[in-house]
Amino acid sequence: NQFNSASEVAGVVVSELPAGVMTSVNATTNWAEGAWSDFRGFPRSVAIHDSRLTWGGTRAFPLAMEFSNALSLFYQAPVDPDGTVSRSTAFRRSLESNNPIRWMRSTDKGLAVGCLAGEWVVDKEGNASGFGADTAGAKPLGDSSSAAIQPSKSGGVLLYVPRSRQG
């Protein structure tokens, strides 16, 4: 990809547009802005949890986590190929706090999420049969405020650095 000027760029064609929209008279409105960019920011953290690749905490959405489709880590379609929404499709979940995501780590209790002023655990709620947009919930785990340093696990215990960096 190459930026030549404000009115000319060069790039790679991923899929051809229909012939009817290839002229300036028949412009298309069928496009979408990417979730991540220099403008919106890029995820601060990434983790794999319950067969989903999870990205969290962009500049535009500091409290949000983006979950990939189940069992398809690099596919983020919001609908199945037949157009239906199911538990296997990608989804976004935001924390009910005002604290940006700093790290994420999969644990046996759920996806642990460290924020500026506390920690959360995200997992399926109740006796749900699967982890998806309709079953994912977030609960506060602690309130010690986390440093922006990826935690470690030792003997099943999650070890993270507090924001003050003093144990």
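How many bridges join S3 and strand S4, and in which sense do they pair? Hi everyone, let's start there. S3 and strand S4 (residues 52–56) are antiparallel partners, with five bridges between them; two strands count as paired if DSSP finds at least two bridges. Strands here are DSSP runs of E with at least two residues, numbered from the N terminus.

A quick word on the model: it is predicted, so local features need pLDDT of at least 70 and side-chain atom pairs pLDDT 80 or more, while totals for chains, interfaces and linings use all residues. Residues are numbered from 1 along each chain as its sequence is written, and side-chain values use heavy atoms, leaving out hydrogens and water.

Back to the sheet. Ser 45 sits opposite Gly 56 in S4. The whole sheet is open, with four strands in the order S3-S4-S5-S6 and antiparallel pairing. Strand S3 (45–49) and strand S6 (91–94) are the edges, each with a single partner strand, so one side of each has no neighbour in the sheet.

Now for the rings. Phe, Tyr and Trp rings (six-membered ring for Trp) pair if their centres lie within 6.5 Å; planes under 30 degrees apart are stacked, over 60 edge-to-face, the rest tilted. That rule gives two aromatic pairs. One of them, Trp 103 with Tyr 160, is tilted, at 5.5 Å centre to centre and 40° between the planes. Trp 103 belongs to strand S7 (residues 101–107) and Tyr 160 to the segment after strand S12 (157–159), so the pair ties together parts 57 residues apart in sequence.

Trp 103 is buried at 1% relative accessibility, whereas Tyr 160 is partly exposed at 29%. Buried means under 20% relative accessible area, exposed over 50%, and partly exposed in between, with a 1.4 Å probe and protein chains only. Thanks, everyone!
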